[in-house]
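I opened a new page for this structure.

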Amino acid sequence: MDPQTGHVDADVITAVADVATGSAVANDNTAGNDNAAGNARDAARRPGRPRSERAEQAILDATIEAVSDCGIDGVRCEDVAARAGVGKATLYRRWPGKEDLLIAAFAALKSPLPEPRGESVRADLIAMLEVMVADSDDPRYAQQYALLHGEGQRYPRLMARYKELVVEPRRELVRSVLRRGVATGELRPDTDIEVAMLALTGAVLARGGKRDAAPVGPGFATRVVDELLLGFAPHC
């Protein structure tokens, strides 16, 4: 059932038809159809279709396209579903509303940061910054990042949720590495964790969007981390 219009979604109709067909096959007692009947009974017992990663990615991609074409105001869940080639029920099973869908789509613009290995603060920070640099050097990321922040300024509630659910967990991962460095003695005990985190991520973000179209080349993440660690290294 479409939660907005009250109409039964085509996906739901198809699912009901599939179950009905399976039941008919299950009742066929001819010897040649035993396997088919068993399969149909198994299908009828399953609570629903498995989540499709391809469908999910198609919806997220279609959402970004819709924002590019229509702006945030012009995004409609039913239009996104049509762009992605899925039923509206498929979209609503994953995201109950437009705001949740937009946040998920904007979050998908960022590559996931690697989990810290815990062996070296320097190595963990470089691994994280290399992912951020690779994203910022991708022309698609630069265009979408500019789109997000250009449109997002008009939607403070949406941006606040985006920062809470997407930006802050990534920052906290960087902070956790810095705090570990203080605990292990790799960093000075008086290290300002917040300043260090902002200095690291800011070095990459300062290049984002349209500020700098030229790739930084290899070794940028390493140089940023090493320069920062010079200032926060323990005194001899």
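I began with disulfides, meaning pairs of cysteine sulfur atoms within 2.5 Å. My search of the whole structure found zero disulfides.

A note on the source. This is a predicted model, where local features need pLDDT of at least 70, side-chain atom pairs count only at pLDDT 80 or more, and totals for chains, interfaces and linings use all residues. Residues are numbered from 1 along each chain as its sequence is written, and side-chain values use heavy atoms, with hydrogens and water left out.

**Cysteines and burial**

I call a residue buried under 20% relative accessible area, exposed over 50%, and partly exposed in between (1.4 Å probe, protein chains only). Cys-70 is partly exposed, at a relative accessible area of 44%. Cys-77 is buried, with 5%. For the protein as a whole, 38% of the 236 residues count as buried.

**Overall make-up**

I listed the secondary structure next. Helices (H or I, at least four residues) and strands (E, at least two) are DSSP runs, numbered from the N terminus. I got eleven helices and zero strands. From the N terminus on, the order reads α-α-α-α-α-α-α-α-α-α-α.

I then looked at contacts, meaning heavy atoms within 4.5 Å. Among contacts between residues at least 6 apart in sequence, 66% join residues at least 24 apart.

**The proline in α9**

Which helix holds Pro-169? I found Pro-169 in α9, residues 156–184. Pro-169 counts as partly exposed, at 42% relative accessibility. Leaving aside residues up to four places away in sequence, Pro-169 touches Lys-163 and Glu-164.

**Helix pairs**

Two packed helices are described by the angle between their axes and the distance between the axes. Axes are lines fitted to C-alpha atoms, for helices over the stretch in contact, and angles run from 0 to 180 degrees between N-to-C directions. Under 35 degrees counts as roughly parallel, over 145 as roughly antiparallel, 65 to 115 as roughly perpendicular, and the rest as oblique. A crossing is left-handed if the near helix is turned anticlockwise from the far one by less than a right angle, and right-handed if clockwise.

I took α9 and α10 to start. Their axes come within 9 Å and cross at roughly 125°, so α9 and α10 are oblique to each other. The crossing of α9 and α10 is right-handed. On the α9 side I noted residues including Arg-171, Val-174 and Leu-178, and on the α10 side residues including Ile-193, Met-197 and Leu-200. I sorted residues by class: Ala, Val, Leu, Ile, Met, Phe, Trp, Tyr, Cys and Pro are nonpolar, Asp, Glu, Lys and Arg are charged, and the others, Gly among them, are polar. The contact of α9 with α10 has eight nonpolar, one polar and four charged residues.

I moved on to α10 (residues 193–205) and α11 (residues 220–232), whose axes come within 10 Å and cross at roughly 155°. That angle makes α10 and α11 roughly antiparallel. Their crossing is right-handed. Ala-196, Ala-199, Leu-200, Ala-203 and Val-204 of α10 make the contact with Phe-220, Val-224, Val-225, Leu-228 and Phe-232 of α11.

My last pair was α7 (residues 121–137) and α11. The axes come within 8 Å and cross at roughly 135°, so α7 is oblique to α11. The crossing of α7 and α11 is right-handed.
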